[in-house]
Amino acid sequence: MSRPVTARVPAKVNVQLAVGGLRPDGFHDLANVFLAVGLHDEVTATPADALRITVEGADAGQVPLDRGNLAARAALALAERYGIEPGVHLHIAKDIPVAGGMAGGSADAAGALLACDALWGTRATRAELLEICAELGSDIPFSLVGGVALGRGRGELLTPLETGGTFHWVFAVADGGLSTPAVYRECDRLREESGAGASAADVPDPEPSQVLLDALRSGDATALAAAVSNDLQPAALSLRPALADTLRAGADAGALASLVSGSGPTCAFLAKDTEAAQGVATALAASGTCRTVRVTSGPVPGARLVGDA
Ligand code: C5P
């Protein structure tokens, strides 16, 4: 019997999320600058008669245990590719907010893939793992890669980026999640409503901001704060207007930047240093505008097997 294998995978925040027009395949072209932060899920794979998922953590009740779970789909995709039985128990220790715009589901998929690959001895190449990740979801390749990267296409075509330092973040977790497809649909609806149109013919191609890339390279938090942007933020605020109160509470507490994380509803706040982050977190916790507050920093590495160097 093989020994259990555990993979540890980080959450992400998007420091730039530029959204192009709606493509014929239902996706949007992006210029998506991902930054991995130090909140992690751990996925442990143990041999079993059949595929089974269990979850622990504060948000465990919100995680599907069937084949709708991205971790299950990742295990099935790897097993199918290598023609083996997907007999595995996947246990997810969940610390990343669920349906929060921080790629928690994507982290579990990348973790399951890495852990099953080690458990089953399939020895997939990095390129194969990235290909399976991209088939499963647009954000999943980044969960494997981590650090800071620019995602083009629907977010799956990654170019790693250099950073000159560590950035300090506070995350305000809302009650209840937001559906990513619903937020993209609302983005399209708002564009139609404004008269600009929402198709790829109407919306300029999304481009990474040079000012933002320079700020990341220099490790300058104030410069990064001035350059962050999220085209999905108006849509998330339209679906969840109370997020404006959360963003304001963080800004009033001295955050350098306040923005919705990805498709939300988690809000992200950039702080000057650890002390400033603690101050923003304390004020947000007292504001009554969110369920939980987390303090962390990034960039951090992508999915790793626990016990590996
Ligand atoms: O790829 P993923 O499964 O994460 O995408 C979930 C949904 O989010 C898609 O079905 C689509 O509605 C929306 N999406 C999009 N454009 C992207 C990524 C996601 O419209 N680049």
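Visitor: Hi! How many helices and strands does the protein chain have?

Guide: The secondary structure comes to ten helices and twelve strands. Helices (H or I, at least four residues) and strands (E, at least two) are DSSP runs, numbered from the N terminus. This is a predicted model, where local features need pLDDT of at least 70, side-chain atom pairs count only at pLDDT 80 or more, and totals for chains, interfaces and linings use all residues. Residues are numbered from 1 along each chain as its sequence is written.

Visitor: What radius of gyration does the chain have?

Guide: The protein chain has 19 Å, which agrees with the value near 19 Å for a compact globule of 309 residues. The radius is taken over C-alpha atoms, and the globule rule is 2.2 Å times the number of residues to the power 0.38. Along the principal axes, the C-alpha atoms fill a box of roughly 55 × 45 × 35 Å.

Visitor: And what share of the residues is buried?

Guide: Buried residues make up 51% of the 309. A residue is buried if 20 or more other C-beta atoms lie within 10 Å of its own, exposed if 12 or fewer, and partly exposed in between, with C-beta atoms placed from the backbone.

Visitor: Which domains is the chain divided into?

Guide: There is domain 1 (5-161) and domain 2 (167-298), with bounds that come from an automatic or database domain assignment. Their centres, taken over C-alpha atoms, are separated by 22 Å. Across the boundary, 30 residues of domain 1 are in contact with 39 residues of domain 2. S1, S2 and strand S5 (148-152) each supply at least two residues of the side of domain 1 that touches domain 2.

Visitor: What counts as a contact?

Guide: Two residues are in contact if their C-beta atoms, placed from the backbone, lie within 7 Å.

Visitor: Nice. Which residues touch the most other members of the largest nonpolar core?

Guide: Those are Ala71, Ala112, Leu113, Val170, Leu224 and Leu270, out of 103 residues in that core. The core draws at least three residues from each of domain 1 and domain 2. By nonpolar core I mean a set of buried Ala, Val, Leu, Ile, Met, Phe, Trp, Tyr and Cys residues joined through C-beta atoms within 7 Å. As for Leu270, leaving aside neighbours within four places in sequence, its contacts include Phe167, Trp169, Leu224 and Ala257.

Visitor: Switching topic: where does UniProt put the "active site"?

Guide: The unreviewed UniProt entry places that annotation at Lys12 and Asp139. They are spread over 128 residues of sequence but cluster in space, with a largest C-alpha distance of 9.3 Å. UniProt positions are given in the numbering used here, feature names are shortened, and annotations may be inferred rather than shown by experiment.

Visitor: Is Lys12 buried or exposed?

Guide: Lys12 is buried, because 31 other C-beta atoms lie within 10 Å. Lys12 is found in strand S1 (residues 5-22). Beyond four places in sequence, Lys12 is in contact with residues including Phe34, Val37, Met102 and Phe142.

Visitor: And where is Asp139 found?

Guide: Asp139 is in the loop between H3 and helix H4 (140-145). Asp139 counts as buried because it has 30 C-beta neighbours inside 10 Å. Leaving aside neighbours within four places in sequence, Asp139 is in contact with Ala103, Ser106 and Gly155.

Visitor: Which residues does the "binding site" feature include?

Guide: In the unreviewed UniProt entry, Pro97, Met102, Ala103 and Ser106 are among them. Pro97 sits in the loop between strand S4 (88-93) and helix H2 (104-120), and Met102 is found in the loop between S4 and H2. Pro97 is buried, with 26 other C-beta atoms within 10 Å, and Met102 counts as buried with 28 such neighbours inside 10 Å. Leaving aside neighbours within four places in sequence, Met102 is in contact with Lys12 and Pro97, among others.

Visitor: One more: how far apart are the end C-alpha atoms of helix H1?

Guide: They are 19 Å apart, which agrees with the 18 Å that the 13 residues of H1 (residues 70-82) should span at 1.5 Å a residue. The expected span is 1.5 Å times one less than the number of residues. The buried residues of H1 are Leu70, Ala71, Ala72, Arg73, Ala74, Ala75 and Leu78. What covers them includes strand S2 (28-47), strand S3 (52-56), S4, H2 and helix H3 (126-136). Just after H1, Gly83 takes a positive phi of about 65°.
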